[in-house]
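Student: I should like to learn how to read the features of a structure. May we proceed by question and reply?
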Amino acid sequence: FIKPTETNQFIRAFNQYHRVQQQKISARTLEMPKSILVENISPEIPKDYIVIYFESKKHGGGLVLDISYIPEDNSAIITFQESKVVATILQRKHSLMNGPVSVYPYYESLGAAMYGKERLQIKMPDPFPVSIDPCHWRFLEQNYCLLQEITHEMAGHCCEIKWPSKVCGNPEIMVHPSLDLAKRKRSLVKIWKEDASTVLTQILSRQKVVRREINSELWEAIRNSLVKDDVLIITDASKREVVLVGAAGSVKEAEEEMKVLIENVVKKMERERLTIKETVSITACKYAILCNCGLQENICLAYPELKITYDASKELITLHGLPAEVFKTKSDIFERLSSMIQKPVDIHSNIFVFLQHVDNESLSRLLFWSKMINAYYELSDKSVLLFGGILQDLHRAEEELKKDLTFQSIELEDCTVTKKKEWLELTEQLYKAYNCSDETILIQEQEGKIVIAGYFKKVATAHQKLSDFVDNHTYIQRNIKTKSAAVVMYVQQEKSPKWNYLNGQGIKIHFGTLRSHKVISLEGPRVAVLKGVELFHNILSSLHAINITIDKPGAKSFFKEREELYINGARQRFNCLIRIQEGTEEVEETGEGNSYGEEQQSCYKVKLGNGILVVLQKADLTKCSADVVVNASNEELMHIGGLASRLLEAAGPELQKECKDQVRQHGSFKPGCATITNAWKLPCKQVIHAIGPRWQSAEKENCIKLLKKSVRESLKLANRYQHRSIAIPAISSGIFGFPLKECTHSIVTAIKESLEDFSENSCLKQIYLMDIRDDTIKAFSETLNEVFGPSLSTTYPFPKAKHSVAKIQPEPEMLMTAEGLKIVLLKKGIEEAVTDVIVNSVARDLQLDKGPLSRALLAKAGGELQVELTQEGQGKDIKEGCVLKTSGYNLSCLHVLHAVLPAWNQRKKSESKDLGSIIEECLKVTEQLCLSSITFPAIGTGNLGYPKQYVAKLFFDEVFKFSQAENPKSLKEVHFVLHSSDATTTQAFMDELNSRLSVSQTSSSVPKASSENFQQGSQAFFEPSSTLKGGIPKMKIGPVELQLEEGDITKQKTDAIVNITNQTFNLRNGMFFNTIGVLPQIFS
């Protein structure tokens, strides 16, 4: 301030300002200084000289009270006694020992001098460089965070760092003073460079650079092992050195590790220089046995650095190591091998073949090693050799081999099954499913059977699947012999609703054959045919037949004249068939002809080396049941004459339609060709149409050539379609005019030439030359003798299924109610029952594994039966009298009815249904389900204690009562199945049946039954005619008596009489016109 008054005014106003008061600050006038600050004093000037100088009046000084000398700043604070001395000194310029100094007022209250505008600026020090190792700089350059830390730390020492450029041969760090240095004391400015250099050196010393000389071979051996994330490793191939850069501690650790690695590599290289290699030949299984005995562990324990490897493809053990280690180990291996023991084991040839197809190492691992059995097997010529370390292992291995490996076979009735595409797909599927695991199988076809060998679990599963396939695809023929041709006709005409569905299951049914009119023949898939045979047995068991011989002259012609009347009358009134026996049937009955099942006579037969039979027979080709028959066809496949016409008539129009479709698709066929079609209604499976040549004398050789070609093509087609038998006629010998001798000779020689190319594995096994003309048969016979030599025998069976016709079981005991419900007694196990419904007895806990009846059903049906029964009973109050329904699963039925029976001694106490009510409910359930048959075992006669006679009577009573009350529409048969081992129960049921049969004997033709043989015979349906008193003839047909009388019908005392009337019921005319008064009730 210029004026003192202004200063006081400002102070007063400032101190009164409210903002200043809030901050609790105040202003005052600065005191007059008594001290000065002298700067730029030369260090050589003593303190006393300074005091004398400033006390001298010459220099404007005064009495000095105190002096404070500050050498590091080259300054001093001098305090005088009076403040006016300060003003005088400040007005002059001063120099000490010719050195100019600066003087400034110093205020004690401020602790500082007031420089004003005259203070001199301090000179800043120059920047300086610091050299750094190039590798060190490369490490820092890759660690940006570390550079930032160093820069920040040097800034605290008034330094600014300029780092070297990236591409620099001799990197230097430039250290510059920062702006903060100008604010520091002069003494600090002077020593800044020294301090900065020292601090930077200390910071850089935290990292360490280590150089080690190493050759390239050693470095390549250890480089992958020496990996440190916090250490930079730099190699210099030219200087043969490795540089480690990083934190001092990390570099030290890396240096020590590298030293150890180098030492180990040097030792290893020295060992490799001395290492040798030796091999030992040994099978994979023997090597596995040695390893299981601890070979590898023992070698590693004794010689840790010895390497042992095994090449399974070459079967070699390779040893790498020092000579002493290698030879000692090799000696130990030979010693172990020589100490192994072996044991021969005899096994079935089928299992031996399986072992030939599998790897013994894999199977040994599965059978032995997985079960801690140290053994393996090898195959010799015809036996299995077990090898192991100790005899105990060999005994255990033999047990496992025989226990886990097995085989099962499937008998083949039809060899074509294995040639089907579906069979190949199934076997391929099984191989893929099982052979991808260790538990493999082998499926092989042997003569007449399929053998599955391998691991027992998989063999069982595969056997089941293959058996099911064979059963469903095997084509068989079964013949059922009846009592007479009339029975066959009756079954065909009247019982067709029962068997007609079999046609939809691929079964061909022949009612009567060429050899016998009394035979029903079934051909088709095995399962369907066997069920069909069972069905026809059941149908036949319900029928009765009797032969009546009438030796009166003219009886046959008399019956013939009234045949329609008798046949229709018997059918309408008695639902039976009357038929005159034909002449050929008479021969069958008397045994003079060939009855069904006997071998048909052949004219010639010969068996060739490849197992194929050639047979000559005189027979009708249209009725031939060979697998395939040959038709002598023309180029357009038109059946317009000769054999072709007869084949078409027998096969039906569908055959001609199929032939036309082939001609439309392929065009006309040339002579010498052959094609194949379905057989339609013919008894064979297929028809081959051979296009024979038309005879031309001028082209004899060509005609013979074409005929032979057509025969060869026919044989090829038969074999291609996997047929076992073929029937060939005299092709071209009819309307085509081929001379018979040349024809038969061409056909036979063509067969011989073709069969020479067939192997024993060919499907075709039987060739039949067939014709109905004697001259043709004679010509064939002469040619066969000429070409093949004499016949093996005079007879040979007609082609038939590989297995003989199944024996027909004795007919079961049978009784029929008035409503037509049949009751049948059968001796067999309940699991063998073949009806729509089977009844089972079960306890309240619904467990099927307790009683023998339930166990038998469960074993046949499978576990699903128990599961469904348990589910059916959940949430229900199971008590005596309950009846639960389940499916039949693997049983031959649709449903099983499970009945909970009360015990015999508890039946009166229980409020539930009794046994009779349960039987009634089972019958009603079957009728409600629209099913036709039901099987009852003798339930209650076992553990439940029901008397056997009581149960037998109750069963019959309930069935008769149900039949009378319900008159069932669907239910036709009730079977009582009795186990053959339970003789007393069987006798009780037989006694009950016989008692009921004896009661109805006078009105029924059913004979009395016996327990030894079912249905030995039947009473005559027609009784011989007799004459009443007075000469009135009478006759009994079954239970009905037929009587002829002469008299007035209006005087008959029968229950009813029959009148002939007109459409308007006008009785004015006729026999009743004059009797209206006599019979008034007729017209009411």
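Student: Among contacts in the protein chain between residues at least 6 apart in sequence, what share joins residues at least 24 apart?

Tutor: In this predicted model, the share is 66%. The chain has 1084 residues, of which 44% count as buried. Its secondary structure comprises 34 helices and 41 strands.

Student: What is the mean pLDDT of the protein chain?

Tutor: The general idea is that where pLDDT is low, the predicted coordinates should not be read in detail. Here the mean is 82, and 88% of the residues reach 70 or more. Over residues 793–811, however, pLDDT stays under 50, and the model has 51 contacts beyond four places in sequence for them. Residues 1071–1084 also stay under 50, with 14 such contacts.

Student: How many bridges join S7 to strand S9?

Tutor: Four bridges join S7 to S9, which covers residues 172–177, and the two strands run antiparallel. Ser-131 stands opposite Glu-172 in S9.

Student: How is a pair of aromatic rings described?

Tutor: Such a pair is described by the distance of the centres and the angle of the planes. The structure holds 22 aromatic pairs. One of them joins Tyr-946 and Tyr-950, with 6.4 Å centre to centre and 25° between the planes. The pair counts as stacked because its angle falls under 30 degrees.

Student: Why does Tyr-946 count as buried?

Tutor: Tyr-946 has 3% relative accessibility, and therefore counts as buried, since buried means under 20%. Tyr-950, at 34%, counts as partly exposed.

Student: Which residues do ring pairs link into a cluster?

Tutor: The cluster consists of Phe-936, Phe-955, Phe-956, Phe-976 and Phe-989.

Student: Which residue lies over the face of Phe-387?

Tutor: That residue is Lys-286, at 5.7 Å from the ring centre.

Definitions and conventions
Residues are numbered from 1 along each chain as its sequence is written. This is a predicted model: local features need pLDDT of at least 70, side-chain atom pairs count only at pLDDT 80 or more; totals for chains, interfaces and linings use all residues. Side-chain values use heavy atoms; hydrogens and water are left out. Rings of Phe, Tyr and Trp (its six-membered ring) pair if their centres lie within 6.5 Å; planes under 30 degrees apart count as stacked, over 60 as edge-to-face and the rest as tilted. Buried means under 20% relative accessible area, exposed over 50%, partly exposed in between (1.4 Å probe, protein chains only). A charge sits over a ring if NZ of Lys or CZ of Arg is within 6 Å of the ring centre and within 35 degrees of the ring normal. Two strands pair if DSSP finds at least two bridges between them. pLDDT is the predictor's confidence in each residue, from 0 to 100. Contact means heavy atoms within 4.5 Å.
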